Amino acid sequence: MNRPGRARVALLLTVVTAALLTACTGADADPAGADATPTTRPTSSPTPTSSPSPSPPPSPTASPTPSTAAEIAEAVDKWYTYGGETAMVSLIKEARNAESDRPREAFELVILDFGGLADALGTARLMGPIPHPKTQTAWAAAIEHLDGAVREVLASVPKDGRTIQSPQETGQMLRGWSTFDEGIKSLKAAQALLNRRFGLKPSVDPWEAGA
């Protein structure tokens, strides 16, 4: 099975104005279905037994979710130390690599290769959630937006062997890169929160050129 990020295509992208974006419509919301009310049936009283079985002991409870500031900081530090930093740095670097292939002008010949970014997204998904709700929200949004951007940009590639996109395909490509930008914003927000709230940052800034 071909993974979406593995496609490698050379094509001439027709860069059109942002007015194309106004032509797209949002997804229609599905109306909520009516909840079915279950029919209740009368039940007979249980027949008393001679000696009821003793109740089983309560099941052990799961480890408590960190709640105090110290507990959250310790949990976030463990997340970052045991794979989180590697996953985040890899995602940043691969997002930068993908962005460098972005078309900048009309009829520009580009190579779309999101293989590295797709791999980095797969690694990021394997990590458990960041034990800090605000940071986790930004991290999850980054993964969702970047994944959606990869799929939409690649879906805009002509399927009939053409090397020039139609206006509709160009509009789809622009929407994909707009989603990509949202993913970058969320990724930067997650990294900034880790740094500002918990003092966690990589030794070398992955956003810098040549990092």
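This report covers the overall make-up of a predicted model and two of its residues.

## Basis

The model is predicted: local features need pLDDT of at least 70, side-chain atom pairs count only at pLDDT 80 or more, and totals for chains, interfaces and linings use all residues. Residues are numbered from 1 along each chain as its sequence is written, and side-chain values use heavy atoms, with hydrogens and water left out.

## Overall make-up

The protein has 4 helices and 2 strands, arranged along the sequence as β-α-β-α-α-α. Helices (H or I, at least four residues) and strands (E, at least two) are DSSP runs, numbered from the N terminus.

Of the 211 residues, 31% are buried, meaning under 20% relative accessible area with a 1.4 Å probe, protein chains only. Contact means heavy atoms within 4.5 Å. Among contacts between residues at least 6 apart in sequence, 80% join residues at least 24 apart.

## Val-76

Val-76 belongs to helix α1, which spans residues 69-100. The residue is buried, at a relative accessible area of 0%.

Leaving aside residues up to four places away in sequence, Val-76 touches Ile-130, Pro-131, His-132, Leu-194, Phe-198 and Leu-200. One of these, His-132, is 56 residues from Val-76 in sequence and 7.0 Å from Val-76 in space, C-alpha to C-alpha.

## Glu-169

Glu-169 sits in helix α4, residues 167-198. Its relative accessibility is 14%, so Glu-169 counts as buried. With residues up to four places away in sequence not counted, Glu-169 touches Ser-156, Pro-158, Arg-162 and Ile-164.

Terms used
Buried < 20%, exposed > 50% of the residue type's maximum accessible area, 1.4 Å probe, protein only.
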